[in-house]
Every structure is written in C-alpha cells, then in structure tokens.
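Thanks for coming. Please bring up the structure, and I will go through one chain and one of its residues.

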Amino acid sequence: MKPPAFDFLRPDTQEEVLETLHRAGSDARIIAGGQSLVPMLNMRLARPGVLIDIMPLHALRAIREERGEVIVGAGVRQAEFEAWPQLAEKLPLLSQAIGWIGHVQTRARGTVCGSIAHADPSAELPLSLIALGGSVRLASRRRRRTVPAAEFFLGMMSTAIAEGEMIEAVAFPVAGRGTGHAFREIGRRHGDFAIVACAAVSDGQTTRLAVAGVDDHPRRFDLPQEDGGALDDALNDIAWSLNARDDLHASARYRRELVRRLGRETVMEARSCRS
Amino acid sequence: MSVNQESTGLVGRSMPRVEDAALLTGRGRYIDDLPTRRDTAHLAILRSPHAHAEIRSINASKALALDGVHAVITGDDVASLTRSLTVGVKANVECWPMARERVRYVGEPVALVVAETRYLAEDALDLIEVDYGVLPVVMDPKAALQDEAPLLHPSLGSNCISERSFRYGDPEKAFSEARHRIAVEISYPRNSCTPIETYGVIAEYDPGEDAYDVTANFQGPFSIHAVVALALKVPGNRMRLRTPPDSGGSFGVKQGVFVYAILAAVAARISGRPVKWIEDRLEHLMASVSATNRVTRLEAAVEPDGRVTALSWDQIEDCGAHLRAPEPATLYRMHGNMTGAYAISNLAIRNRVVLTNKTPTGLNRGFGGPQIYYPLERLMHRIADELGLDRLEVIRRNLVPSGAFPYRTASGALLDSGDYVAAFEAALKDGGFDDLVERRKRAREAGKLYGIGLAAAVEPSVSNMGYITTVLTPQERAKAGPKNGAQAVATIGIDPLGAVTVKVASVPQGQGHRTVLAQVVADRLGLPFEAVRVNTELDTGRDAWSIASGNYSSRFAAAVAGTARLAADRIRERLAAIAASQLNVEAAQVEFAGGRIFDRNNPDNSVSFNRVAASSHWAPGTLPDGIGHTIRETVFWTPEQLEAPTPVDGINSSLCHGFIFDFCGIEIDPATGAVRIDKYVTMHDCGRILHSGMVEGQVRGAFAQAVGAALFEEYAYGEDGSFLSGTLADYLMPTVMETPEPVILHYESPSPFTPLGAKGVGEGNCMSTPVCIANAIADATGASDITLPLSPGRIADLIFGEEKPSSNPQARKPAKARPGERQLTGEGSATVAASREAVWKMLLDPATLEAIIPGAHGVEKVSATHFRADVTLGVGPVKGRYRAEIKLSDMVEPEAVTLSGSTQGALGFGSGVGRITLTDADGKTVVGYRYEAGIGGKVASVGGRLLDGAARVVIGQFFQALARHAGGGSGGGGILARLKALLGGRS
C-alpha cells in the first residue's frame, strides 16, 4: 500500500494551479483534504502523475454569504464548515447533515468541495447540495462557469468537472423563511457510508426529498403536499425508480424499504419543523 | 496440587500496568519500530487475483530491470530451498508457503520482490506478468464434498482432507429411546479478531553458519518453530526466532505470520541481505488468516422435560485452501467440550475437514468455541420452544450438577471446578433477569420488537498439546507416539544488588503479563511491586522455551503466572534457608515482607532481602550446606491432567474450564431493522482472579469482538472466489458506539489443577456472546433460522413482510437478491445519429473500436470477430490499465451482435457479455444493450460498494464515444443528453 511516484506541486496562486491543470491534463489531480484520494493512491487505484495541493491558497479557504447563497471555498475543511457560527441559521439542513460525514478525525482534514468533487453516491454533502438546489463553481485557465447541482453529478464518482477544471467553490442557497429541513441516515455503524440517506426541504407548497446511497448519485424528487396513502404511494414509486442494488451491506429490497420508511420520516419531520 | 490462597498482598488487586507508561506516551517498541541493519531491503508480495488458477508463466524481466530491485522470487525458487510444510493429518498433499504451479485463493503469494524500498518493491510488483489459466472454484464447504466439485489438490483425490467419527456412551440407544429428536443446521461465517498491528518480519541468513535469524511478531505456539525449522531444512538451533518487546494485538491471528517468516527468511537468503516485511491492511484482511467457517448439523435426543440424553454432531470444517499447522486444531480444540456446560453422557461426532478456495485458517480468539456454542445454544433455545418449556428451565435441568466436580465429560474433558447451577442462579438474580422480562413485556406492549437471549458455555483454557492428535486414528497415534502436556516456563533471576527479574515465554500481545508476574513474584518474595522487573521478549536462541510457549488458549494466568509462582516458591525456599542461618532461626520461621526477611516470632530479628539475595553472587561460600544458589531458577511445569488421547478417543483437551452464563435484551427498530443491545449480562467463573482490571478488560475485549461477529464482521467471498471485504469500510468492526457496557459478574471457583487457582478468561465471550445475541433476535422476531452476521438487511428480511410492489408495472424488476455476489447486470439504450448499417460497420472496425472503447491504446484485429486492445479504464480518480480481448458472435447484420470480452490488469480482472441491438428510428439508430459482467481482483476487494456504478460509468463511456463518433447523439436516455452537455463543456 505505497503509491507510485508522483510530482507534488504547491502553487502560490490559483492562476498557477489552473495553468498546471491545463498542462498536465488528465494526469493531474487536485488534492485538498485527501481523505478519499490518499487511500486510492496508496492502493494504487489512482495513479496521477501530478498532485496539486490547493490548501495554501488563502482565497479558497473562505465561507461567505453572497446574494442569498453561502459560498464555501475549495479549501474549507468540513470541520471548519461545521464550526461556522451561522451554519444552523443559514443552512439548517447542513447543520443536521454534517455530523454524519465520517468521523471527527476525517472531517478535520476533509474539505466540503473535495466531497462534492469525489461524488460518492452515499455522501452527505452531494446529497445536501442536490436537496437544496445549490450549484458548483468551476474554473479553468480560460473561463469560469457555474453548474447547477442537478447537472453536476453524472454517475458513480463522475461529475461535470472537465479536464483542466477545478472546483473553486460550492454555493448553498440560504434557507428561506418558513422552510423546514430534515436529514436522516442509516449506516451500519456510526460514521459508515450511508446505506440510505434522505434529506427533505419543505415550504408551504411542496416538499423536496433527496435520496443518497441507492442510485449512482443523489436524486431529488418533488412531492406534493399529500399525506397518508398518497405519500406512501409516491415514496414507493421513488423507491422503485432508484435502481437499487445488492451489495455486501444491504440488499436492494432493504434499500427500497429504507427509502419508503426513512423517506417518510424525513418528509414528515421537514414539514413539521417549518419555521 | 493444593490451592495457595494469599488473603492479602498484590495478587487480585488492579495494579496500574507497568506496560502502560511506555505505551501511552508513544514509546512502545513494535516490530516496525525496531532498528534494522543498514543494508536491510524491503519485501513486497505479488498476490493472486484469482481464487483458483494455473500459473502458466511468470515473467519478471521488467521488474528485475528496475534499478534497486534485488530479487524476484517465485514459488519454485522457495521450494528449491525449503521442504513442504508439515501437515497435521495423514494426507497425500503438499503445503507450500506460497503458490507453485497453481493458486488456490485470492491473495495467495505468487512472487516476492526484494528491493531498496517498499515503494520500489511495489512498483516492481506492477511489472511482473503472470499468465493465469483460470480454473473453476469451490467456495462452499458442503459443495466441496460433492463428487463433481473442482479439486483443489488433485493428489488428495477429494477436497475432504480428514474425516473421523467418534462415539461416546451409547448415542444410538439414547436416540432410539428418546421421545423427541430436535435438530439445528447452522452455517457459521468466517470472521477474524483483527489486530491493529499487522504481521511483520525481519529476517537474515548467515551463509557461513547456514543459519537463519528471524524477528517476527509471532505469538506462539512455539510448536510452530519446529514447523519453520523443518521447512527451512535447518536444525532448530539454526533457526533463531525472536519476538519484539511490544505487540499491537494478536488474538491468535499472529500465529499465521510463520508462513511469512519462512518466505522472508528465504528472500533474505536469495537476495543476500536482511529483509523486512510489514503486511499492509489489504494483505491482512485478504490473506493473513481467519477463523474457520463451519457447517454443522446438531441433533439432540430429548426427554419431555427438556433433558438432553444424547447429542449427535455432524461438522464440516472449512480450513480454506491449505491445511496449515496447527489446523485442523480449530475443530479439535473443543473436542472434550462438545457437550458444553451440560451433563450429557451419550455423544456422537462426525468431523470432516474440507478445503475450499479461501484463505487458509488459523488461530483466532475463541478458537473453535463460537462454532460449537452457536449450534449448541441455538439448539437449547429451540428445544424449549418446540417442547413449550421455559428456556431457563431447559438450561438449568441440563447443567452439570453442583457437587459433580471434577466432572469427566463424555468425550474426555475433566471439568476442573465450579458450581454451574449456583453461578447460573446468581447471574439471574444479580443481573436482574426478572426486571429484563418485565422490560420486554413493556416494550412489546408498546409495539416494539424486543427479545431476550440466553447462552451457557464452558470456556476451556491451557490447551493440551496432544489434543490435535485426536484427529488421528488410535492406530496412527500409537505409531506416531503419544503427544500430551503443556510445558510452561518461568525464570527468576537475582542480580548482584539483589534485584529480581522474571523471564517468561508467554509472548504477551498487550494483555499486561508483566504486571501480573510482578504481582505474583513480589508477593511471594515480600517485595514491593516496583522491585520486580519482568522481561517477556523471547529469543529461541537464548531463552528457556518449549512447544507450548506463547500466547494462546488463555494460558497465561493459569499456566504461566502459576509457573512463575512455582519458581518464586523455590527461590523463596532457598532464601529462607540462607536467611535462617543468618538470623539463627528455623527456616520455617522465616517470613518475607517489605523488602526484609525476618523471624516471624521476632520481626526485629531481620535482614534485608537484597543482602540475602546477593549473597549467592558475593559470598557463595557462606551459603548453608546443601542450599543451592539463588542467582537463577527456571521452572518448567506441565499439569499431569493433560494426558494423551485414550485408545477410545477420550481427550482432556484443556486443563481449565471456566463457566459462563450470559443473557441479554435486544430491541429491534421495526422501521429500519437496526439492532440495539439494551442490556447484556455476563457471568464468569474464571477461578481465582489475579488482576480484576485485566479480567474486566479481557471480558470487555472479547465481548466487543463478539458483538462484531454477531452483527458486523464477515470475510465475504463472491461466488467466483473474489474476496469482498478488503478494507475496513467493508469489514466492519464495532466501535465504542456499537458496543454497549456489559454487566460483568463473577463467581470464583479456584481451579484445583493450577498453582494459583486461576483459569483462563480471555476467550469466553467470543464463544457465548454471538449466540446469546442470535437467541435474542430469534426471541424478538420469532424466526427459527438466524444467520450471522445480523446486518440490518438480514434483520429486515426477518421482520418485513411482503414488499409493496411498484405501481408502475414497467418498473425495474428487483435485481436478483444475492448479497456478496459480484455479478453485474444492466441494460440501457442510446440514440445515435447514424444509420444501422453505419453503426454496424463501426462496431466491426478496429479504427472505430479504438476510438470508442474507453481509453483504448491501439486495437489489434486478430480476426474479423476477435480484437485485442490495451485499455485504460477509469472512474473518477480510479484508473487502471488493462489488456482486453473482445470477441463478436451471434451476428445478425445489421440488427444485433454479442460482444464478449475479458480484461486483466493490476487492479483486477473482468469479463462480460453484452448483447447489442440496433433499431431504426427515423434514420437514426437506437442502440440497445444488455450486459452481464463479473469483476474480481483488487478492485473487487476494496471497492465493492462502488463497482456496479463504476461499471455503468465505463459502459456509458463506450456508448458516449459511439455516439460522438457517429456525429453526436441525441435524445435517448437522459444520460446521453447529459453526456452531450459534458462533451460540450470539454471541447
């Protein structure tokens, strides 16, 4: 479990990062917290020729509120985000979800944007981004663009990040008044990858339910304000639509059951806690 | 042997551990911390990605060409310098420490690389080309016994390497007269007590003396030293084995490092330099060693009142691909205890040992116990339920009665001491059983799923080194000569300043042996705790040891601490005689306390311990006549009760037998199937307690590992033999969050057979807790068949009814529910802006294939329907280069074609079949596909959770490229639209 040789670059400016990304092409990877990438390097599952460390870039390490969105820079660690004093007020969903990410130790290193870039199908941050309808800000040598969350996650660990591009920041919409949020997750142990995780956002009209751990990337559904049997039917259709699979930790059927049961609990909680 | 009870003193108290200051301040000295010679090279091991395959060729030329690579060593190279490992049964089979000609499990060593650094060695592994001819696998122990099963070892003619049947009493009569026959069938899974420190070896070879010097974090038993020396073809005195001062845990598992001690020794010899190897976590999980999985049918002859008159066991033990010493010991360790804590005088046992395409098994905490108690205690639960009896009452009626000790079991164990019924009643009372029943009632009234589980067990300790010969027939045993006993050794030395050092061969793995030995010896010599220093490093070239030395079968407290006590007795006796002559009193009058030796009747008449103790060095001429020196005393002790198997296969497999009775309350979340251990009570009679804190630590540790075995841990294999739990994200061990605080109770019945009255206590909960939890789940759910580990998904299957169907009849039908299987299936379609004929041509054209096969570097056309390519496949950051073979068949131009392909690379291998159909749609073509693929090797071991999705991404890449090649796609599934957006972003 030793990685093959690679170059480790620590540019002084973001321009240099982007220039290096452009030159190295698919041979380069950005490293931030390294919580997913380093194990992959050690197991030689990933063998990039160049690693570009962005953590010294101070400009990327800020959390700021801007035009109704909370912008989290690519260098912000999960633990820093968790400790952001306005988190519960501005992003109540994240304040519930973030404690489910790994462990204190992994959150102390891992970054918010790193988790978005890694796009693990069970991960809490992509799920939250999808649930809230946030977006990802990408930069390359030539241009900057913003991709809505719904178009960002393309498949298992596959995103809209193109060659030569890096995530600069992710943007989470600030919670609106009268909106309720809820987050539920089932894993085998505390801190494990979710078997199923659900996030719900409810306003007066609709409730959005996002589900992770089942399909290849988190998926979002709009549920009408119905209740009882109608809600159960809607959740059942969602459960069947997610292409659930068996793996070592849970059967497809168990995942579907969790979508129905956990999904219902999450929806009900989000509706009940509308402020 | 009488029981010596000190009423006061250090023994029995929870002294702070002398080990902890170093361990808690980062000063532990583990194998990876030890200094090595400056020219030490590093070893890395190429391991088989296949569960069963011929090795057609190994080409190491590219690896050897790397600067800094000293040697690449194959199985045949190793064989040329060694002898096949000793196998514990009579069988025509070879057992090598690494693969020769054939691999038989995923992770089996195929080649060794010795290089300047571990990094370089691993680079070299990537360059070794091995041509495998894949063979069919057999993973299930029952399937391995079938006539048509693939054979692992053709020389054996069968996968069954040992079969023996035993009968004690008259089981046939008991069964024929029984009013009821009740049976259980159990498949006990594979798991392991996983130490935080992995295997490590540092090996040297001295050609001048033809001698090996190996430091390994081996834990014993040192009978294995003989296996290593024989394999290396040197006398024992030219195979020096040393152990590091500290260990990062073993739980039996480090016994298995001996195989690597041999490999590293040979690697040092061939490469001409010292070699160091530290196992990594993937290697450890995949290929170190594991407990056995076992299929058991257990039937009881039962009276209407629940009394069991006979048991009949049929056990199929799965030892993996090779029968490695000391296996099949897992199967025979409990042979004297097959009636558990019960008085059952008629017993039949059929034991079969089978080989399958899994990692070879070895020592593991609980060793053979969980595999026995799971069926036995599930059976007792079932007996009560089927006969409508109270479950407690069924246990109570069958327990070995009070006053019957020492009690000889049907198969020959001598249960040394105890009062099982009294301990059982005390557990119910002090553990609050009635309250728990009330709690269950209330929980059920509130609509919850709540169950209570029970388990009784006898915990054997101090193994009889002869028990394994029970696997031989009495005739074979007679020919081989008797094997018995369990030599323990302790040395006490006194230096010229009168300071006391204790030396033992117990090879502690973190338990705190040094603390307990200091307590025992300090007490006996009247010294303060700090005055006694204990050294537990072992060097077979220098120290006193024997085959039973080491750290296993919970032998420390009973055997090793007891032997230290005997050595202290001898030293004390001599010191008393020397002091008596100086104090002018009778030796019998001499007392030891506070660092002084004195006249019991006149304590002022005293002399310092150090002065008396030093006199053997400074003034040997002053010792009284006939009194020997006190410089060094070594005592070997083996208990007389550990006799060789009798001619009728009776075997006292262990010296001591503790008693355990557990009960627990478990609540299941009806919405999620999540299990919460609400209360767990565990009663132990482990004889005299030497250090109450350590006893509690042992109970808690075994309990935590048992919670893991019950709820989380399994070494899982796919049907193709792929190993599926290669990381700690897939092999789940309980953390403090999942492990509740058990209520620990004690009932103390000193063993009459050990010097201190102590018995072992380290393994009991590994035996009792998994089945106690399973019984509670059975009680909560009403299910009769409970299979471990009890993941929430398995629980859900027990409590959820029929699944609600989809309202949309077109919805995907549920995937075949075969957890653990590595077979991927999928289907989809894409619309391509080209005619069917054009698409058809593309599929048959190497240039197009090169453009559309993801990551292809040159496609070679072998024939019109056979292509070969080097491809780089990847998902996200995961990328690997593979050699791919693609064949086309069932071609219906221009409508359909079947693509079958296989890939092989450093990350693993895959094969698959896909049917592609082309349908015309307004001048465009809808390309439909349906595929089935299998993936194995490293990527299956470490990335199982992500494989399905990853395969879909790669297959998606293929169609994306096809669409792009055809001039851009449109419509189709949502995926293509998104992919088009992606392509736009890229250009």
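How much of the contacts in chain B with a separation of 6 or more do residues 24 or more positions apart account for? The share is 77%, where two residues are in contact if their C-beta atoms, placed from the backbone, lie within 7 Å.

A note on the source. This is a predicted model, in which local features need pLDDT of at least 70 and side-chain atom pairs count only at pLDDT 80 or more, while totals for chains, interfaces and linings use all residues. Residues are numbered from 1 along each chain as its sequence is written, and chains are lettered from A and ligands numbered from 1 in the order in which they are written.

Now burial. Of the 987 residues in chain B, 58% are buried, meaning 20 or more other C-beta atoms within 10 Å of the residue's own, again placed from the backbone. The C-alpha trace of chain B spans about 120 × 75 × 55 Å along its principal axes.

Next, Arg324(B). Is Arg324(B) buried or exposed (12 or fewer such atoms)? Arg324(B) is buried, because 26 other C-beta atoms lie within 10 Å. Beyond its neighbours within four places in sequence, its contacts are Leu85(B), Cys95(B), Val259(B), Pro360(B) and Gly362(B). Ala774(B) is 450 residues from Arg324(B) in sequence, and their C-alpha atoms are 31 Å apart.

Last, the partner chain. Chain B puts 62 residues in contact with 50 residues of chain A. On that side of chain B, 30 residues are nonpolar (Ala, Val, Leu, Ile, Met, Phe, Trp, Tyr, Cys and Pro), 17 charged (Asp, Glu, Lys and Arg) and 15 polar (the others, Gly among them).
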